Amino acid sequence: MVSPAALPPLPFNPSRVRSYLLRLPLFTRLVVLVIILFWLLELQTVWSVVQWGSLIPDEIGLSTMYRLNTYPVIHTGFFHTFINLLAVTPLLERFEAEHGTLTAIALFIGPLSTLPAGIYLVIEKFILHSNTAVAGASVWAFLLLGSESIRTFKSNPYFSLGNYKIPTWTSPLFACVLVWILVPNTSFLGHLCSVLIGYLLGLGYLKFFVPPEKILRWIEGKLNLLGRLPHYVSVDQKTYGRYGVLPTAGAPGGERGTPMSFLGGSSMALKSSIRKLRNNPQFLFIRLPYILSFLCIVAGVVWLFLLPLDDYSRKNYISENALLPGQVHAYFSGSEQHIFRGYKKELEGLLGNEGSEEGQKNEERTPVISDKIQSILRAAGLKVATQEYEYTSSGISHRGENIYAIIQAPRGDATEAIVLVAAWKTVNGELNLNGVTLALTLARYFKRWSLWSKDIIFVLPPDSKTGTQAWIDAYHDMQPSTVQPLPLKSGALQGGLVIEYPFNHRFENLHIVYDGVNGQLPNLDIFNTAVSIAGGQMGIGTRLQEMWEHNGSYEKRLQTMLRGMVKQGFGYATGAHSSFMPYHIDAITLQTHGNGWQDEMALGRTVEGLTRSLNNLLEHLHQSFFFYLLMQTHRFVSIGTYLPSAMLIAGNFTIMAIALWLRTGYSQGSPNVIAATNDEKTSEKSPLTSPDKADSVEQETTNKAAERQLALPLSLVVGLHLLGLIPLYIFNNLSHGNYTLATLISIVTNALLPLLLAALLSRNSTTTQQTHLIKSLSLLLLGLFLSTLATLNFSLSFMIGLLCAPLSFVHRISAETAPVLRYTLSIAGLVFLNILSPPVVLLAGCAYFGVSVETVLMEAAFGWDVWGMWTQVVVWCVWWPTWVVGGALVGVSLF
Amino acid sequence: MTTIFLFALLVSALSAASAASNYHESLNLQPFPPSSLLASFNFKSNTTQTSFEKQHFQYFPRALGQILQHANTRELHLRFTTGRWDSESWGSRPWDGAKEGGTGVELWAWIDAQDDETAFAKWITLTQSLSGLFCASLNFIDSTRTTRPVASFEPAGDHIGSENLHLLHGTLPGEVVCTENLTPFLKLLPCKGKAGVASLLDGHKLFDAAWQSMSIDVRPVCAGTDCLVQIDQTVDIVLDIDRSKRSRANPIPRPVPGDKLDCDTSKPYHARDTCYPQENPGEKAWSITELFGRSISGSCPLADSQGSDGTVCLRIAPEREVRPSPESVETRSSDEFTRCFTPPPSTAFDLAVSEHKIQSTVPLDEPVLYAERTIVGHGQERGGMRIIFDNPSSSKAVDFIYFETLPWFLRPYIHTLQATITGLDGVRRQVRTSEIIKETFYRPGIDRERGTQLELGLSVPPGSRVTLNYDFEKAILRYTEYPPDANRGFNVAPAVIKVSSPEAGRPIYLRTTSLLLPLPTPDFSMPYNVIILTSTVIALTFGSIFNLLVRRFVTAEEASALRAQTLKGRLGGKIVALRDKVRGKSSKVE
């Protein structure tokens, strides 16, 4: 790939672990392999390995006798596998090294699996009459521990503790009890059985199972096992030593000179390749980062796709006990519906007054309607106030007047409040007449109750995008000068509900919208309360993320989750509730959907139930999760489970950056030397006699620490990040007509800018070290930004991370490459990178979702101006500069 | 109007009282459209200073009297309040706000003591004793909640010959006032709530009110040299007539049957199932029995009713029909709105008022000033306070003292104090604070010792609205300083506003609502869970294993041998040897 630069010495000495692992004898290796294989097999959902092979007492019949042998290699999960592997590998290795591979195979496949299983079955089934399934290699671990402890007992019988003498053979029993207490779901009985067999083995009562040495030796000799199989441990240790090899005086000493367990020339090739791998900093510093980065990306993506599985997502539950959802009877029914109809007719009558000659009613909220709404609220005994506001974005002015009214809690002291919002226009621009009427009816109905512990504020903004934002900003006195302050206020807001009922027929189910600005989410408790009240008490189905048909399958869950992630990643307001989130006020929107048999009173009762639940709150909602991905109305993934996904992707950049940084710290050795040796420099103490020594010494002399020339890379990277502010400013301040043009211009600019930079860089004859440093710094920043962002807005970080992933792997193509290949490669790389440039991705996304670029950019500028959305900042100041650096590095190879 | 009316009552009661010890009670009722009713109970007893000092109590409650004597308290004001006064619908406050406290409990007293320390010690004695007497958490008024206001309060009594009077003031904004405070309150009355107007005071109805305030004022009243000690107890409540009329058996405000709805039948779409409710339904009929659940059981035989028009007074539109129980005496006062009734001494008394389509209403007094105080800003670290003063008068400027006490964990930045003024033209402009604020008394708080005390002398020009803003910082509490209850936030006491009106003589008091201050709070359950779990595991496994590993097990002989090796052992050996030597010598000498 790249010409090997000078390489630093190994920062750690991995050869000990590696040599131990590489010396593992044959049977141990096989067992480890099989265990891992079975664990991987268990990951698929079609065929349950655990069901097939574990030791289930009731399932044991003549045809299922295989379970007696398979259960030790089958595990129920990653941690089970991992811990058991850790425990059993050294023990098994020891056993095999002492008794030989053949004996180990004969014993472990045969009696040492079946005997504990047999005892366990007898006790479990016929004495205890229960049916607990067991599986896992821990049976061997305890068995071997048992036999080891007998041997220890023979040489060192007691462990004295003051006056007490504890026999050493009891130690596995202690271990057994401790494991039983500390680790959940362990079979104490199973472990006990295996310890018992272990004792028998140690005491020698099981000797008759061991095949006679003569036969083994005969087999060994006949098949030449020792010569053919690598890592094979012979029966005849007296001849061949513990690893089948006698230590020779001339063998390379030191800790890393231990040879593999092989004999003869048949595996010389293997030997050399392993040795190369082990001694090769080339691999560690040049290949390994790429592999690790790639693995990180793959693991991150795979992790995300695992989340919808039952094992990784959790069932929703209500954490705040004070909410008591659905515990109160909702009385909103009966004659309240007459009032609802009366209010609706009244508003409809005013609606028809204007614009009726055009055949369609004017759906804007006129001052007449506003006055009527205020008089209705006043007649119901509420305190009413209005607020005017105006926002300007992309040259378009948004103005309106919020009406809001407060039910002052009887005996309350204006310290806390709940907000109910019914916007005149829904977030999709439909007329929300039913919603507003319902809010008015509820206001009149709630006023009669004396149980409110918090004030209830009814906010009736003219639209869903600007109105609530203006209101909530002014409520906290954070409003811009074009927004009026609020003349009437109450206490701290504890929760918000938005009602949307934009059609006249009955509805089927409720669509709960919960995403806030910048991907902030409301507390999961409020969502769960809504689901539980609507579903459990009122019998209304709930939907989320516009998934109207959801059968709970993996695909549907994944789709729901991805939709949620897209919304979260874009960070725009999805409803009137979104504006509340930045002020740490939990709010959701209830949208009616479909054509069913639920009427407005059912919605009203749901809102009543929810308000009663919020009214019960003693503390601000804090118990449940604020960071989650929902995949069904009753399943979610919490941050601890999903975060590694984005973190792995962000980590790939950091790994690459660190590797590049390490590589740049050493001056270049002559390339042919490195190519010839491919060997790690060895310490001078080691008694090297081979001709390698000369080379390595020579390499060491050339491999000196080099000074990093940081000025150019640093200023370039920082400059590019600052340069991102220019498109950020332009795109947020353009007039709405120019957006398409601006996008096209930015595509062209984006195509040219890297080439321009590349030309400049190559004219200044930038060294390889500097290009490495440029890439390193740029990736370092990217990794830093993305991993920080992942904790705030997981989805955005994940998406940007994926789009930037190729930047880890593109680099200046070495000048030594044949020109034809070099030009083709770099041009192909540039074209590929241009496809992934921010404006092109924007165009592609717009084409895919079928919206015009102008709309998207207008929304974005609106979000920036009104909602305080910072998705653009991430795009222009994080993604774009890194992208330009990547493009420039590929472009350098053209010149 | 109410003011003058009540004041007249007060003066008449006073003049009657000055002679000797006596007791007087009254009840004033005033409906507020559309459906509220202010009921103002007043109980007043006197005793002479001499009999008070000799602990000869007749009408004066002995329990309270002894506490006051023990705590050297010359004048006492205690308030229990819940809810907020809705001055937009209800006009100015009863008694000009003089008998009202901020949300929760408020207490101030003039204590006779040599110096500040003694005064504070007596103050603590007083709060502890009152806490027991009134079943309230008054004992939580410690140094952090006690202030010494400079300009906001003036003694109401005549203090002759008392030089060293100390005013101390404390508030408990989070205190929930309920029946356990009412019962001791009633016990102080001579008739104990069994007879007279006090028999209406039932906890169920009283604490269902929209706003409610109980007050106790003890003060010396002197005419020349003979002094009286006067205790004045009031209960003011604003009842919601609709809610109070609901029967005990069916307290849930279920939707009424469709045919009982009060609909506007003039609407074209009016139908059996479509109803636009009447916008002005008028005032409903009510009676004392319906509202309070019982009638007045006669009059208190100890009450001295001479010199007053009647015990139960009603302020209502003149054309409205009122049907009192027979045998009661009705007197109409000179202003056309007030009617008073004297209940019969031994039979139950009830009063029924007819419903009323609004033609003429009783005029409401407009408050001299509207004040609103809110916390603005968001986040865990900083916030801001915003106080709005609204002068409704178009001709007169309002001068007043604004007094607030802030808990120590709210640290105000007074240098950020800013004033904006919105004139009649509706234009907001920033003004220098010195234009609005005439004088300032500021006593900064000390962490965990005392709160901040801020008194501002302000003047609001006519017809304008003044907004004061300042920023504050939220302190981080130690974890033991969080109260053990559910953490809803910390209450900040209401601000007290004293409007000095030269014509009325007495100052008018206003109070803002209390505030809720959210402080950065850890999720207590999580660290506790983690700590408990990890400690258990470590204590059980790691602890015992580690202990076994580091301990050396040796036999006793080995141990003594080892001990001999150490410095201490060697020194010990030397000392023993030396001692033996000395002993040996001394024994030789002997």
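**Note on the predicted two-chain model**

1. B:D96 sits in the loop between α4 (87-90) and β4 (104-112) of chain B; helices (H or I, at least four residues) and strands (E, at least two) are DSSP runs numbered from the N terminus. Although B:D96 is not a glycine, its phi is positive, at about 60°. B:D96 is buried, with 23 other C-beta atoms within 10 Å. Here a residue is buried if 20 or more other C-beta atoms lie within 10 Å of its own, exposed if 12 or fewer, and partly exposed in between, with C-beta atoms placed from the backbone.

2. This is a predicted model, in which local features need pLDDT of at least 70 and side-chain atom pairs count only at pLDDT 80 or more, while totals for chains, interfaces and linings use all residues. Residues are numbered from 1 along each chain as its sequence is written, and chains are lettered from A and ligands numbered from 1 in the order in which they are written.

3. A positive phi also occurs at B:N72, a residue other than glycine, with a value near 55°. B:N72 belongs to the loop between α3 (62-70) and β3 (73-82) of chain B. B:N72 counts as buried because it has 22 C-beta neighbours inside 10 Å.

4. Chain B contains 13 helices and 28 strands. Its radius of gyration (taken over C-alpha atoms) is 33 Å, well over the 25 Å that the globule rule (2.2 Å times the number of residues to the power 0.38) gives for 590 residues, so chain B is more spread out than a compact globule. Along the principal axes, the C-alpha atoms of chain B fill a box of roughly 120 × 70 × 60 Å. Of the 590 residues in chain B, 39% are buried.

5. In chain B, 5 strands form an open sheet with antiparallel pairing, in the order β22-β23-β19-β26-β27; two strands pair if DSSP finds at least two bridges between them. The edge strands, β22 (437-443) and β27 (508-511) of chain B, each pair on one side only. Strand β26 (residues 496-499) of chain B pairs with β27(B) in the antiparallel sense over 4 bridges. Within this region, B:K498 stands opposite B:Y509 in β27(B).

6. The contact between the chains draws 40 residues from chain A and 42 residues from chain B, two residues being in contact if their C-beta atoms, placed from the backbone, lie within 7 Å. On the side of chain A that touches chain B, β1 (158-161), α16 (336-352) and α17 (367-379) of chain A each supply at least two residues. The most comes from α16(A), with 8 residues.
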